[in-house]
Amino acid sequence: MARFGRFDDAAREYVISRPDTPLPWINYLGCEDYFGIISNTAGGYSFYRDARLRRLTRYRYNNAPLDMGGRYLYLRDGSSGELWSPSWQPVRAELEDYRCRHGLGYTAIGGRRAGIDAETLYFVPLGETLEIWRTRLTNQRTESADLSLFSAIEFCLWDAWDDATNFQRNYSTGEVEVVDGVIYHKTEYRERRNHFAYFACSAELAGFDTQRDVFLGPYRGWEHPIAVETGHSSDSIAHGWAPCGSHHVELSLQPGETRDVVILLGYAENPTDAKFDPPGSQTIDKRLVLPVIDRYRRTDAVDAAFQRLRDHWDELLETLQVSTPSEHVDRMVNTWNAYQCMVTFNLSRSASSFESGIGRGMGFRDSNQDLLGFVHMAPERARERILDIAATQLPGGGAYHQYQPLTKAGNDSIGAGFHDDPLWLILAVAAYVKETGDGAVLDEPVPYDNDPGSQSPLYDHLQRSLSYTQERLGPHGLPLIGRADWNDCLNLNCFSDTPGESFQTTENRRGGVAESVFIAGLFALAAAELAMLAERHGRCDDAVGYRRAQATMDAAVRSGGWDGAWFRRAYDYFGNPVGSSENEEGQIFIEPQGMCILAGIGLDDGKAEAALASVASRLATPHGIVLHQPAYTRYHVELGEISTYPPGYKENAGVFCHTNPWIVIAETLAGNGDRALDYYLRINPSAREPISDLHRCEPYVYSQVIAGRDAPTHGEAKNSWLTGTAAWNLVAVTGWILGIRPDHDGLRIDPCLPADWDGFTVVRRFRGARYHITVTKSPGTQGRVSRLVVDGRQIDGNLVPAAPAGATVTVEAAIRAAG
Ligand code: BGC
Ligand code: NOJ
């Protein structure tokens, strides 16, 4: 058992105390247009809006050593010639007092060597397209110190994919300008780009470099640049090859003296007709950018911008703050889970330590689910997101699997025809309307496939989402699965036998009858949500129809989808069951147990209880609930990618964390508060912190997967940060265990707590009013809310009516033992 740091809850930071974490433990900089990932040793890269098309700096994924490329600094001691990096990498010379504080939108990394302490704060100011590195150097020696500080980044030639593959061109295109100590990276600015990057420093420079191989020296790596070793920059100007940026600052520090140096890395655009100064030249017009650079070179501007950033996050997180008997619940809900939800909102699945920034745009299904986790913090942005997503929907109700953040256009380069996709839009819109009360969004005109002139009300999009499923039913009355459903790897129509072929894009075989019980559950849930929206939208006839559709699907699941002790997963191309006791491998899957019970199926006839008991006995492990059992031990051509993974990994019986909160919610629906919290804590990152050496990923955010019991590395997490796990866990714990749930007419207070809790308190902002909620319960019992007092007045039921904006509401709820 080992930890590599600790939570500082008051500061909302995770403090890492040794640099050699099992994997780079990263954080995100930026929350608007300019972003970066940054590891605990300053590795990572930056980009403007799109991690593939507008990448500012280079990073080398899957490198040895890990995590190469970053926002590097070097210190050189003039008297001894000794050199080190205050963030450990890339030099990796030993540091005293190494520390990294990952906070909300910022990271500070520092360390001491030979009596020189250096700590750098990295962040992106709100409203700007630049990042700041503020380095504070302190001489703790008894004599003065002559130091050289070198900065180093490597520029990416914008399109990260091209940059990593097209060397016959790229070795000849790189261009920079250096004026008044500011390094401008302007590759392709001469032609169709009107953007450039800049790298500036607050201190006067002793020199600079912009050609990587001059700065490093031939056949040298980032751990030992010749410029740093000799203490001399060459003032190199890159022509082609690999443009980099390095400032050289000489500092003489008296004993005890502290000095701040500010470094800026930014992105700037000029109007297309005002790119050059003087016009007709090839020199960047700097009139727009220089005032920005000058402003942030000043430490008072830097400090003020940092304070604004902190206030911004405090304000966002104030939407929901809880105090419960579990520190893991409090820490995740109050800070880290909410923060992770905002990161998934911003970046979908594009850029992390595992997502290379060149593969995937915004997922249709992913973004709709991410919204469930941030809608309460950023309702206006949720509205905009819903309209963007809906505008990519196809006229037939289907969806592109993803869309591009820069253009917002749908894109099927990673496949299409996932039949679950459109239904998630209904869940997202329902969550938004419940949170905000903004039913008018349903009237908002939205095009199909971004086609101008095809506008129709959002409500119409939702109707088409539902009918898309209804028009595609199989022999059991269950939805046809298409390419796959939530489980991208359950490819029942692919029959791929060609090495390397993508399961996401390969031509599907036609004529089969593969059906998904998971989509059936999702459909029933979405139909119920749409019925409620329709009623409130004055479409009562529609609502009746949706309820009927829900009931029909419910019945189809209970007949064709029930296996005897759990819900089946699917039927394959030939009509054989998947996820059934009839199968040899893959007898039971988690997804339909979660989604069908979320839709209320089986709660009244014992099926839900039975299914949950099967989950407990067959799928639950100490490290979370695995996707299915038994794992597939060989390739099944009729099942697709799921069986390509070795047993226990990813979709082949890994703990796919996204699905666990569905079971948590299902347990609360069935009234099992103990089991709900127990499952929740098994994958809660903070609760897993003591086993960081096994878990290996960051202990402050969820990972997509934890290796399942069939894997040799059971308990090891992968794919941290960008996962639907974040949104669903926040929903599960706050909305269902704590039971504080927005509903159309108010805030529902419906906790389902473990027996040993005696209650909790919550402060929740809801439609502009502030609710102070106290829930009490005698320990040793379970049960539901039996008494609800709102502003001193007892009311029936468990719904607190929505108060006017600006109001403060006091809510007291008491839970009495059932029966
Ligand atoms: C992964 C899935 C992922 C899909 C997206 C697959 O290889 O296993 O988790 O959703 O790729 O392209
Ligand atoms: C990750 C994808 O982003 C998500 O959409 C999918 O549901 C899961 N993998 C499961 O395959």
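Helix 6 and helix 7 each supply at least two residues of the lining of the second largest cavity in this predicted model. Helices here are DSSP runs (H or I, at least four residues; strands are E, at least two), numbered from the N terminus. A cavity is a set of points on a 1 Å grid over the protein atoms alone where a 1.4 Å probe fits but cannot get out, and lining residues have an atom within 4 Å of a point. The volume of this second cavity is about 40 Å³, where a volume is the space filled by probe spheres set on grid points joined across faces, edges and corners. Its lining consists of Leu316, Leu317, Thr319, Leu320, Val333, Ala338, His376, Met377 and Leu730. Seven of these residues are nonpolar, two are polar and none is charged, with Ala, Val, Leu, Ile, Met, Phe, Trp, Tyr, Cys and Pro taken as nonpolar, Asp, Glu, Lys and Arg as charged, and the others, Gly among them, as polar.

Two or more lining residues come from each of strand 3 (26-29), helix 6 (299-317) and helix 7 (327-347). Helix 7 contributes the most, with four residues. The lining again has no charged residue, and it divides into nine nonpolar and three polar.

As for cover, helix 8 (residues 364-374) has eleven of its eleven residues buried, where buried means under 20% relative accessible area, exposed over 50% and partly exposed in between (1.4 Å probe, protein chains only). Among the buried residues of this helix are Arg365, Asp366 and Asp370, along with Phe364 and Phe374. Phe167 belongs to helix 2 (residues 167-170) and is partly exposed at 39% relative accessibility.

Salt bridges (a side-chain nitrogen of Lys or Arg within 4 Å of a carboxyl oxygen of Asp or Glu) number 70 in the model. Arg287 and Asp285 pair at 2.6 Å, N to O; Arg287 is exposed at 60%, whereas Asp285 is buried at 5%. Glu529 and Lys434 form another bridge, with their closest N and O atoms 3.0 Å apart. This pair links distant parts of the chain, 95 residues apart, from helix 12 (residues 517-536) to helix 10 (residues 421-436). Glu529 is buried at 13%, and Lys434 is buried at 14%.

Asp460 and Arg464 also form a salt bridge, at 3.1 Å between the closest N and O atoms. Because they lie four residues apart in helix 11 (residues 458-470), about one helical turn separates them. Asp460 is buried at 18%, while Arg464 is partly exposed at 27%. Finally, Arg58, Arg60, Glu154, Asp163, Arg212 and Asp213 are linked in a network of salt bridges.

Residues are numbered from 1 along each chain as its sequence is written, chains are lettered from A and ligands numbered from 1 in the order in which they are written. Local features need pLDDT of at least 70 and side-chain atom pairs count only at pLDDT 80 or more, while totals for chains, interfaces and linings use all residues, and side-chain values use heavy atoms, with hydrogens and water left out.

Conventions. On a 1 Å grid over the protein atoms alone, a cavity is a set of points where a 1.4 Å probe fits but cannot get out, and a pocket is an open set with protein on both sides within 12 Å along at least five of seven lines; lining residues have an atom within 4 Å of a point.
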